[in-house]
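Open your viewer and have the selection tool ready. We will go stop by stop, with something to select at each one.

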Amino acid sequence: MDSLKNKVAIVGAADTEVGIVPHLSATQLYVKAAKLALDDAGLTKNDIDGLITCVSFAEPIMYHAEMIAEYMQIFPRYCMTAPSGGGTTLAIMHHAASAIATGMCHTVLITMADSQVSGLSRDKAIEAMAGAGHPQFERPYGPPIPAFYALLARAHEHAYGTTAAQRAAVAVACRKHASMNPAAQMRKPITVDDVLNSRMIADPLHLLDCSLVSDGGAAIIMTSAERARDFKTKPVYMLGTGEGHSHEHIGQARSLTTSAAKEAGERAFAMAGLAPKDIDVAELYDCFTPVVIIELEDLGFCPKGEGGRFVENGRIELGGELPVNTHGGLLSHCHPGHPGSMFSVTEAVRQLRGECGPRQVPDAKVALVHAQGGIMSTHCTSIFSSEQI
Amino acid sequence: MAPQIAKTLPIPTLETRPYWDGCKRHELRIQRCAACSHFQFYPRLYCTECFSDRVEWITASGRATVLSFTIVRRPVTQAFKDDLPYVVALVTLEEGPSMMTNIVGCPPEQVAIGMPLKVTFEDWSDEISIAKFRPA
C-alpha cells in the first residue's frame, strides 16, 4: 500500500477543562471534548462517520465507543475502542488514517477522556494501577507503577551516568511551559532542587518525577487531506507515523535502556522523509521524567546515553534547541490516564496553527508527537505539519 | 514465617503449575528447549528462540545478578505497607532469562547493579511460596 504521508489531516482539535473537574462525569468529558472539536472544525455531529474512543477507568463499559455514539445519537460506519492508553492512544490515529485512506470512512472523531480524580478516588486509582504487572510473576513483588519506571531510570544511570538533576530538568521544563498555559493543572514554577527535595516514591524517582492524576478530555477530527482544504481551520497534515512494540512485561524487555521508540521513530521519519533536525517542537510522553530522556535518544535527537546531558541548560524549554511538551505534558498539564497522549496531539495542532500565545514556538512548521504505553512497551511516533511537505 | 494473608496469592495455571510446584519445594524451575538448548522464563508452550514444542522443565542454579532495582517508599497497596522500604528488582538468572523479584536479607541501600544473588523462598501459604533473592 502507498504511504500515508500527506493523505490525512486534523481539521478539529480541542480539550475540555482539565485538572480537577468534579462537575463533569467521564462520559460527559468524552462528549464535551467531542462537541468542542466539532465546533472547532465547523462540523455537526451528523458529519461524523467514524468514531474512536479509549476505555475509561471511571466508567468502564465494554462497548465504549458504541456507547458514546449512542449517547451522542450518531451512527458511524466505523467504530472502535482503543483498549489501553499511552502509545495505543496515539497509534489509534495510525488506524484512523488507514481507515480514511482506504475509504472505510471519511471523517473520524477521536475522543478520549477520563475522570481519574473526581470519578475515581485517588486510592482507587492507585489500586487500579496495582493491576499492572504480571499477576503471577510481578505483582507478588509489590511494584507500584513508579517502581517499574525507577528500574529503567536506575539502569540508565548505571549505563550512562544520567543524574537525578538531569531527570529533574525535564520536570522543570514541563512546569515552566505549564506556567504559561492557563489550562494546565499545575502552574507554579519549580526548580531542580524542588524536584530533588520532593518525597522519594521509588528510588531514584521523586514525587515531582511522576506525572499527575487528573480529569479531562481531548478530541480531534481527522479527514482526507483533500477534504481538509474545505474546512475553516488550518489543516494539520500527518506526514509520518510509525509504531514499535517490544514487550508487555518489563521483565521481558529486550533492553532497559533502549526502547521500541527507536523503531517507531525510524518508521515515522522514513514515511515523512524527515530527520530529527527538521522538528520544531516535540510533545513526548512524560509519565515519568526518565522516559523523556530515553525517548530523546531513541528518536534520534541525541546519541544513546546523551539524553541526560541533552535536557540540561534549558535545551528542551521554549527558546531552547528543541522545545518539549509546550503545554506542560503529563507532568504538569494533566494526566487523566488513557487519554494522555491526545493532549499532546491537540497541543501540536495548536502550535502548528500558531495559536499558543506566549508559549508559541516561533514559526513552528513540523511537530513530533511520541507516546509509549505499558512499561515502555508499545510506542507510536507521529509527525505533523501545517504544510504538505 | 508470619502469614501474609492480606497479599493476593498468585493463582497457578495449567501452564505455570510446574513452576509453582517447584517453588513449594523451594526449587526455582524454568524451561529449557530440548531442540536448541535455549532457557526461558516465564513458562510458555513453545521455545521463544526456535519455536519448538520440546520445552522441558529444569531446576535453575538459583544464582543470579542484579539487572536493575528500586527501593519502594510508597506501597502499591496497603498489603505491602509493613514491608516498606522494600526492594523490587529485575535479576538475570545464571541461565540467561531475567525475572522480577524482591531482594531480601540485606539493607536496601546495599543493593547494587551486578550484585551476585542466591534464590530464597518465602512461604505465603501451604501451596504458594514466592521466589526472592538474597546476596550470595
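Start by selecting chain A, where 13 helices and 11 strands are found; these are DSSP runs numbered from the N terminus, with helices being H or I of at least four residues and strands E of at least two. Its radius of gyration is 19 Å, close to the 21 Å of the globule rule for 389 residues, so chain A is as compact as a globular protein of that length (the radius is taken over C-alpha atoms, and the rule is 2.2 Å times the number of residues to the power 0.38).

A note before moving on: this is a predicted model, in which local features need pLDDT of at least 70 and side-chain atom pairs count only at pLDDT 80 or more, while totals for chains, interfaces and linings use all residues. Residues are numbered from 1 along each chain as its sequence is written, and chains are lettered from A and ligands numbered from 1 in the order in which they are written.

Next, colour chain A by domain: domain 1 is 8-120 + 214-228 and domain 2 is 143-211 + 236-385, with bounds from an automatic or database domain assignment. Between the two, 33 residues of domain 1 of chain A are in contact with 31 of domain 2 of chain A (C-beta atoms, placed from the backbone, within 7 Å). Now pick helix 3 (87-101) of chain A, which gives the largest share of the domain 1 side, 8 residues.

Finally, show chain B: 26 of its residues are in contact with 25 residues of chain A. Select strand 4 (63-72), strand 5 (86-93) and strand 6 (98-103) of chain B, each supplying at least two residues of the side that touches chain A.
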